[in-house]
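Here is a short briefing on one protein model. Look at the sequence and the structure first, then read on.

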Amino acid sequence: MLQSSAYSKESLCVLVTYLAKQGIYSLGTVQSNRLVNCKLPDKKTMMKKSVPRGTYEEQMTEFDGIDLTAVTWKDNKVVTFLSSYVGAEPVGQVERFDKANKTRIKISCPHIIKEYNAHMGGVDLMDSFIGRYRIAMRSRKWYLRIFYHLLDMTVINSWLVYKNLKTTEANSSVLNLCNYRLELAEVLAKVNNSFELCNKRGRPSTSNSVEMEIQAKKRRGPAQHIPPKDIRTDNVGHWPGNCVRSRCKMPGGRDTRKTGVRSVE
């Protein structure tokens, strides 16, 4: 996807050409005034009533050895596309509602439009996920903003992989994005974080049935915070300590003594 407002007239074509030489072919909407020496009609000309809906015009050029195609198309509004791998042909048809005749009509639709609609969902979905729980830290340094954005993208991609893996498991609960970020931050901050290691080496096995019973016990009502599974099973720094009287979190446990187990951090 391209965002033409972020680039100058020359740098936009340079970017598309550079990506094409790296084997990354791009397609996106652009502002017509960002295209150098482009002869596409302006918006005022395209929006005239004499120009029917579905009208399009295509211009092609070669920039630094790469073929570029610019297409402007009139739908409800005029939209302009720039691509390094696809053009207007073959032209198809799409249905639109005609307000004047109050009926659905078919208009011409260049192939570049269908290609754009087929692949635009992932970018919009990623922007939606990032906008929900964005890193709130602010900085005037531009490279820190890029780092925070890349970190948000990494977390969201890992969450999508986590959801796909969970769908293959039977009777498994899936964390939403908010709880996943919270648990991920807690695990990264606490796992294997201790001054002393236990004598026993290796990670103890925890069956899925026990984990499911623990999650079911948490859903019954308010309870004290239970560390995530990765922290409970890291075999690091779990020592007896004085805790508030409470029921054992282990399924089937009824011990209510004041002596509990805490993680040494």
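A contact means that heavy atoms lie within 4.5 Å of each other. By that rule, residues 24 or more positions apart account for 54% of the protein's contacts with a separation of 6 or more. Keep in mind that this is a predicted model.

**Overall make-up**
- The protein has seven helices and eight strands.
- It has 265 residues, and 28% of them count as buried.
- Its accessible surface comes to about 18,500 Å². Carbon and sulfur atoms hold 53% of that surface.

**The nonpolar cores**
- The largest nonpolar core has twelve residues in all. Among them are Leu27, Val71, Trp73, Phe81, Val86, Cys109 and Ile112.
- The largest share, three residues, comes from α3.
- A second, separate core has eleven residues, including Leu12, Val30, Leu40 and Ala70.

**Around Ile112**
- Which residues does Ile112 touch, leaving out those up to four places away in sequence? They are Leu27, Val71, Phe81, Ser83, Val86 and Gly87.

- Trp142, Tyr143, Ile146 and Leu150 make a nonpolar surface patch of about 460 Å².
- Tyr143 sits in helix α4, which covers residues 142-166.
- Tyr143 has a relative accessible area of 44%, so it counts as partly exposed. Buried means under 20%, and exposed means over 50%.

Conventions:
Residues are numbered from 1 along each chain as its sequence is written. This is a predicted model: local features need pLDDT of at least 70, side-chain atom pairs count only at pLDDT 80 or more; totals for chains, interfaces and linings use all residues. Side-chain values use heavy atoms; hydrogens and water are left out. Patches are made of residues with over 30% relative accessible area and no salt bridge: like charges are joined within 9 Å, nonpolar side chains (Val, Leu, Ile, Met, Phe, Trp, Tyr) within 5 Å. Accessible areas come from the Shrake-Rupley method with a 1.4 Å probe; for residues, only the protein chains shown count as cover. A salt bridge is a side-chain nitrogen of Lys or Arg within 4 Å of a carboxyl oxygen of Asp or Glu. Helices (H or I, at least four residues) and strands (E, at least two) are DSSP runs, numbered from the N terminus. Buried means under 20% relative accessible area, exposed over 50%, partly exposed in between (1.4 Å probe, protein chains only). A nonpolar core is a set of buried Ala, Val, Leu, Ile, Met, Phe, Trp, Tyr and Cys residues joined through side-chain atoms within 4.5 Å.
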